[in-house]
Amino acid sequence: MPNNNQDMLYRFLRMEGNIDAAARTVNISFSSEAPVRRYDWSEYKFYNEILGHDDGNADLVRLRELGVALFNHDRNKVIGAVIEPVLNTAEHRCEAKLRFDTDEFSEMIFQKVKSGTLRGISVGYGINSFEEVADGKKSADGRFIGPCRIARSWTPFEVSVVSIPADTSVGVGRALDDIPESELEEFRQFKAAKELEKEKQRRLTKLQSLARELDLMELEC
């Protein structure tokens, strides 16, 4: 199923790879199949999002050609490059190396990574299509139980070293766990009212068009 949501999504992992001080690199895993709780605003419900890690699921071309390492997802704070990204289908992970630049800011971040002060890794990605698995049903490969959505085509755009990871368990932006049910219900009612208004306008336009056709018919008589 194609995905029309073009927002950047994020996932957080802890940096646990080996550091090569001479090469200024650190080995990382930047994605896994751990489910992340998202919210579907069009259907007003939560669901589990799973990134597929079978052959062909992750498109790593852009990351191989243009992949940059950022600090806290800030495009103006490039600290190095993402090199050698691979899809590890056996471990159901995507792995890579971060190679740190030698400018002052990048060096500062690299030293904090070496000391263990900074240990968070976050990937920014987009989903192109997903497999929808209904409640209680199994995914096509039999590995997951619904309700969930499995990204069968997704693209990582950048990898960041992060100081305080965002709450990615609920999606992009605001933490929905902090939104009271009353506010969600208010949003549902607002959207329903807007949809009803659009339907009334559609019917009015149709009636006006019919009235014009009748007027023309009378003129021709």
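## Exercise 1: A residue and its core

Leu 98 touches Arg 24, Thr 25, Val 26, Ile 28, Ala 69, Ala 81, Val 82, Ile 121, Val 159 and Val 161, leaving aside residues up to four places away in sequence. Keep in mind that you are looking at a predicted model.

**Task.** Which residues touch the most other members of the largest nonpolar core, and which strand gives the largest share of this core?

**Solution.** 
- Step 1. Start with a general idea: in soluble globular proteins, nonpolar side chains tend to be buried together.
- Step 2. The largest nonpolar core has 30 residues, and those touching the most other members are Ile 28, Phe 30, Leu 98, Phe 100 and Val 161.
- Step 3. Now look for the elements behind this core: strands E3, E6, E7, E8, E9 and E10 and helix H2 each supply at least two of its residues.
- Step 4. E9 gives the largest share, five residues.
- Step 5. Another core, of five residues, lies apart from this one and includes Ile 50, Phe 144, Cys 148 and Ile 150.

## Exercise 2: A helix with a buried face

**Task.** Find the buried residues of H2, and work out why they line one face of the helix.

**Solution.** 
- Step 1. Check the length: at 1.5 Å a residue, the 12 residues of H2 should span 16 Å, and its end C-alpha atoms are 17 Å apart, which agrees.
- Step 2. The buried residues of H2 are Ser 106, Ile 109, Phe 110 and Val 113.
- Step 3. Looking down the axis of H2, you find these buried residues within an arc of 100 degrees, so they line one face of the helix.
- Step 4. What does the buried side meet? The buried residues of H2 pack against strands E2, E6, E7, E8 and E10.
- Step 5. On the face turned away from the buried side, H2 carries the exposed residues Glu 104 and Ser 115.
- Step 6. Finish at the ends. Asp 103 caps the N-terminal end of H2, with a side-chain oxygen 3.3 Å from the backbone nitrogen of Phe 105. Just after H2, Gly 116 takes a positive phi of about 90 degrees.

## Exercise 3: A strand and its partners

**Task.** How many bridges link E3 with E2, and how many link E3 with E8?

**Solution.** 
- Step 1. E2 and E3 pair in the antiparallel sense over two bridges. Thr 25 in E3 is the bridge partner of Asp 20.
- Step 2. The hairpin of E2 and E3 has four residues between the strands, and Arg 24 takes a positive phi near 60 degrees there.
- Step 3. With E8, strand E3 pairs in the antiparallel sense over six bridges. Ser 31 stands opposite Cys 94 in E8.
- Step 4. E3 is mostly covered, as five of its seven residues are buried.

## Exercise 4: Buried or exposed?

**Task.** Are Thr 155 and Gly 146 buried or exposed?

**Solution.** 
- Step 1. The cut-off for buried is under 20% relative accessible area.
- Step 2. Thr 155, in strand E10, counts as buried because its relative accessibility is 8%.
- Step 3. The side chains of Thr 155 and Asn 128 are joined by a polar contact of 3.2 Å.
- Step 4. Gly 146, in the loop between strands E9 and E10, counts as buried because its relative accessibility is 9%.

How values were computed
Residues numbered from 1 in each chain as written. Predicted model: local features only at pLDDT ≥ 70, side-chain atom pairs only at ≥ 80, totals over all residues. Heavy atoms only, no water. Buried < 20%, exposed > 50% of the residue type's maximum accessible area, 1.4 Å probe, protein only. Core = buried A, V, L, I, M, F, W, Y, C linked by side-chain atoms within 4.5 Å. Contact = heavy atoms within 4.5 Å. Expected span 1.5 Å × (residues − 1). Arc of directions from axis to C-beta. Polar contact = N/O pair within 3.5 Å; in protein donor to acceptor, adjacent residues only side chain to side chain. Pairing = 2+ DSSP bridges.
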